[in-house]
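The following note is intended to be read beside the structure. Please keep the sequence at hand while going through the numbered points.

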Amino acid sequence: MDGAGEEIGRNRDVDLGIVADCRETLCALARAAAGRRWPDRGAWQEAVRAARALPRQLFGAALAADAPAPIHPFRLAHEVAAAAGPEAVIVADGGETASWMEMAARVGAGGRWLSHGYLGCLGTGMPFALAAKVAHPDRPVVCVVGDGSVGLNFAEFDTMVRHRLAIVTVVNNDAQWGMSAHGQDLIFGEGRRVVTDLAPTRYDLAAAGFGCHAEHVETPADLGPALRRALAAGRPACVDVRTDPHVISPLTIAMVGAAAPADAKAAERVQMPYYRPLGEQ
């Protein structure tokens with residue numbers, strides 16, 4: 001379904017192409033579906049609910065009050081979702097960063113989750129957040145962005161300040177292009193990375209130069225309070241959060257799982273989806 005007929009069937013065969021407004025079509029389909037009898041989907045619905053609970057089962061230890069530093073990226077995502085609240089618009093930008101945020105976000109209505117999706121067109125986060133805040137000035141808008149992605153449109157902090165758009169930008173700072181770094185480790189073996197490392201930059205201080213409220217967080221216990229201060233600041237804010245660079249997102253594992261690992265150690269890691277080196281636990 002698309003509003004532009006020439007796009008239908010462009011990249012795949014379709015059984016039924018519909019040229020129509022998406023909202024009106026879905027409303028019409030919902031009305032038509034109401035009078036039909038449908039197969040029992042209870043087992044499928046239960047499987048979906050179980051999948052939704054899986055990240056907390058896998059990474060629940062990272063949410064403990066005594067969880068150690070560096071901060072686990074799932075802890076970061078969970079704290080952002082909790083601090084932002086159900087009325088907020090959450091924007092996610094970054095390879096692994098967006099995937100972690102997807103696991104923790106609670107989206108209660110349309111238009112409250114914006115991301116680049118699986119295509120990974122990085123750099124969309126801050127522009128999306130600007131548009132969301134202009135469209136919904138009374139809602140909290142939180143942009144969660146990787147430290148690689150944030151560099152693509154960093155000057156938008158200036159736009160936020162000049163236009164007085166109180167957007168909170170949270171930087172998942174693990175000093176690397178995480179998905180690329182972890183993918184290379186898994187496929188080629190450790191010590192063979194190419195152009196994936198970043199400096200441990202203080203993005204909060206750089207944003208402060210534009211006039212933003214700035215927070216820097218290194219320990220789990222400090223994360224929630226820093227996010228709440230940023231949300232209460234009433235002006236653009238940057239929260240720079242140092243996260244664990246060794247934790248690999250399940251999405252990265254899924255993407256490289258079909259690739260042939262470079263060595264036995266890499267093969268072992270591909271078979272351990274939520275791997276982190278034992279010496280650094």
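This is a predicted model: local features need pLDDT of at least 70, side-chain atom pairs count only at pLDDT 80 or more; totals for chains, interfaces and linings use all residues.

In which loop is P70 found?

1. P70 belongs to the loop between α2 and α3. The peptide bond leading from A69 to P70 is cis, and its omega is near 0 degrees.

2. The average pLDDT of the chain is 90, and 90% of the residues score at least 70. Residues 272-281, however, have a pLDDT below 50; this stretch has 17 contacts in the model beyond near neighbours in sequence.

3. The largest nonpolar core holds 31 residues, and V80, M101, V142, V170, V239 and V241 touch the most other members. Two or more residues each are given to this core by α3 (73-84), β1 (89-93), α4 (95-104), β3 (141-146), β4 (167-173), α9 (220-232) and β6 (237-242). The largest share, 6 residues, comes from α3. As general background, nonpolar side chains in soluble globular proteins tend to be buried together.

4. V142 shows how such a core residue is surrounded. Leaving aside residues up to four places away in sequence, V142 touches V80, A84, V89, I90, V91, V168, V170 and L231. A second, separate core has 20 residues, among them V91, V150, L165 and Y203.

5. How do α3 and α4 cross? Their axes come within 8 Å and cross at roughly 55 degrees, which makes α3 oblique to α4. The crossing is right-handed. On the α3 side, P73, F74, A77, H78, V80 and A81 take part, and they meet W100, M101, M103 and A104 in α4.

6. α3 also packs with α9: the two axes come within 10 Å and cross at roughly 35 degrees. This crossing is right-handed. The contact joins R75, L76, E79, V80, A83 and A84 of α3 to P220, L223, G224, L227, R228 and L231 of α9.

7. Helix α2 (residues 42-59) packs with α4 at an angle of about 105 degrees, their axes being 8 Å apart. The two helices are therefore roughly perpendicular to each other. R52, P55 and F59 of α2 make this contact with W100, E102, M103 and A104 of α4.

8. Apart from residues up to four places away in sequence, V171 touches V145, G146, D147, V150, Y203, C238, V239, D240 and V241. By contrast, the C-alpha atoms of V171 and G17 are separated by 41 Å, and these residues are 154 apart along the chain.

9. Several backbone angles deserve attention. R164, in the loop between α6 (156-162) and β4, has a positive phi near 55 degrees and is a residue other than glycine. With a relative accessible area of 76%, R164 is exposed. A175, in the loop between β4 and α7, has a positive phi of about 60 degrees although it is not a glycine. A175 is partly exposed, with a relative accessible area of 23%.

10. In helix α7 (residues 178-188), the buried residues include G178, A181, H182, G183, Q184, D185 and L186. Just after α7 comes G189, whose phi is positive at about 95 degrees.

Notes:
Residues are numbered from 1 along each chain as its sequence is written. Side-chain values use heavy atoms; hydrogens and water are left out. A nonpolar core is a set of buried Ala, Val, Leu, Ile, Met, Phe, Trp, Tyr and Cys residues joined through side-chain atoms within 4.5 Å. Buried means under 20% relative accessible area, exposed over 50%, partly exposed in between (1.4 Å probe, protein chains only). Helices (H or I, at least four residues) and strands (E, at least two) are DSSP runs, numbered from the N terminus. Contact means heavy atoms within 4.5 Å. pLDDT is the predictor's confidence in each residue, from 0 to 100. Axes are lines fitted to C-alpha atoms, for helices over the stretch in contact, and angles run from 0 to 180 degrees between N-to-C directions. Angles under 35 degrees count as roughly parallel, over 145 as roughly antiparallel, 65 to 115 as roughly perpendicular and the rest as oblique. A crossing is left-handed if the near helix is turned anticlockwise from the far one by less than a right angle, and right-handed if clockwise.
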